[in-house]
Amino acid sequence: MAVALEDLKFTLQEVLDTFKSCLSEHKEVFLEHYVAGWRGLVRFMNCLGSVFSFISKDAVNKIQILVNHLNGENGAHYVTIQSMVKYELDSQLVDLTKRGSFPESGCRTLLRLHRALRWLELFLERLQTSTEDSNTSVMCSEAYNESLAQHHAWIIRKAAGTAFWALPGRATFFDVMNVGSPEQVMAVLGDTLPLISEVYQVTEDLYAQNNILELP
């Protein structure tokens, strides 16, 4: 049983290492590493109990869809987010105005993860600049309201707001990150956040250039 528990142990360092590998020298985002980074973020959320389950369960589903694309017969077109967007748009494999034939297109699927990544980025930024008496519930709610909330129906927003009040304190978050003292957590967050931010911005710009930031 000890081995199984060890396998489940999350460390923020793995997210840092994965997002370091996400970008090519030409600022293309490798889908395989993006997915791996998200797997780490899901493990982070799962370590905090059921509070984030409404997001982590959806993320797991989206991750699997992207993995299926990567491993499918057209996987060569899914090596980077850039190549995926070009391939799917050129091949008319994306529902642009209403949901129809391609609800599991790579473009639509990744957009949902992209929006959630912004929420996690904003929340982790607040954690990095927080003090011992900072309220994690407030920080998480603020980050959510600035990002994901605008894409969720009212009933989901209400459920999220309720769930966030059950968040553990700052010290628990730092323990879950499993990289040492609070000072070490701050240092690793300081290294990780710029990488997440850059991957987010490259993706945001790509989607904006192709007018696909609001896929149904």
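These legends accompany several close-up views of a predicted model.

**View A. Helices α5 and α6 pack against each other.** Two packed helices are described by the angle between their axes and the distance between the axes. For α5 and α6, the angle is about 140° and the axes are 9 Å apart. The two helices are therefore oblique to each other, because angles over 145 degrees would be needed to count as roughly antiparallel. Which residues meet here? From α5 come Ile-81, Met-84, Val-85 and Glu-88, and from α6 come Gly-106, Cys-107 and Leu-110.

View B. Is Gln-92 buried or exposed? Gln-92 is exposed, as its relative accessible area is 65%, and exposed means over 50%. Its phi is near 55°, a positive value in a residue other than glycine. Most residues other than glycine have a negative phi. Phe-102 is ten residues from Gln-92 in sequence, and their C-alpha atoms are 9.4 Å apart in space.

**View C. Lys-27 also has a positive phi.** Here the loop to look for runs between α2 (12-20) and α3 (31-46), and Lys-27 lies in it. Phi of Lys-27 is near 65°, positive in a residue that is not glycine. With a relative accessible area of 41%, Lys-27 is partly exposed.

**View D. Thr-18 is a buried residue of helix α2.** You can find Thr-18 in helix α2. Its relative accessibility is 17%, and Thr-18 counts as buried because the cut-off is under 20%. What does Thr-18 touch, leaving out residues up to four places away in sequence? Its contacts are His-33, Ala-36 and Gly-37.

View E. Lys-62 counts as buried at 10% relative accessibility, whereas Asp-58, at 34%, counts as partly exposed.

**View F. Arg-118 pairs with Glu-121 in helix α6.** The closest N and O atoms of this salt bridge are 3.2 Å apart. Both residues lie in helix α6, three residues apart, or about one turn of the helix. Arg-118 is partly exposed, with a relative accessible area of 28%, while Glu-121 is buried at 2%.

**View G. A salt bridge joins Arg-126 and Glu-142.** The side chains of Arg-126 and Glu-142 meet at 3.1 Å, N to O. Arg-126 lies in helix α6 and Glu-142 in helix α7 (residues 136-145), so this pair ties together parts that are 16 residues apart in sequence. Arg-126 is buried, with a relative accessible area of 17%, and Glu-142 counts as partly exposed at 38% relative accessibility. Through salt bridges that share partners, Arg-126, Glu-142 and Glu-146 are joined into one network.

**View H. A nonpolar patch lies on the surface.** Which residues form this patch? Trp-154, Ile-155 and Ile-156 do, with about 350 Å² of accessible area together. Ile-155 belongs to helix α8 (residues 154-164). Its relative accessible area is 61%, and Ile-155 is exposed.

Conventions
Residues are numbered from 1 along each chain as its sequence is written. This is a predicted model: local features need pLDDT of at least 70, side-chain atom pairs count only at pLDDT 80 or more; totals for chains, interfaces and linings use all residues. Side-chain values use heavy atoms; hydrogens and water are left out. Buried means under 20% relative accessible area, exposed over 50%, partly exposed in between (1.4 Å probe, protein chains only). Patches are made of residues with over 30% relative accessible area and no salt bridge: like charges are joined within 9 Å, nonpolar side chains (Val, Leu, Ile, Met, Phe, Trp, Tyr) within 5 Å. Accessible areas come from the Shrake-Rupley method with a 1.4 Å probe; for residues, only the protein chains shown count as cover. A salt bridge is a side-chain nitrogen of Lys or Arg within 4 Å of a carboxyl oxygen of Asp or Glu. Helices (H or I, at least four residues) and strands (E, at least two) are DSSP runs, numbered from the N terminus. Axes are lines fitted to C-alpha atoms, for helices over the stretch in contact, and angles run from 0 to 180 degrees between N-to-C directions. Angles under 35 degrees count as roughly parallel, over 145 as roughly antiparallel, 65 to 115 as roughly perpendicular and the rest as oblique. Contact means heavy atoms within 4.5 Å.
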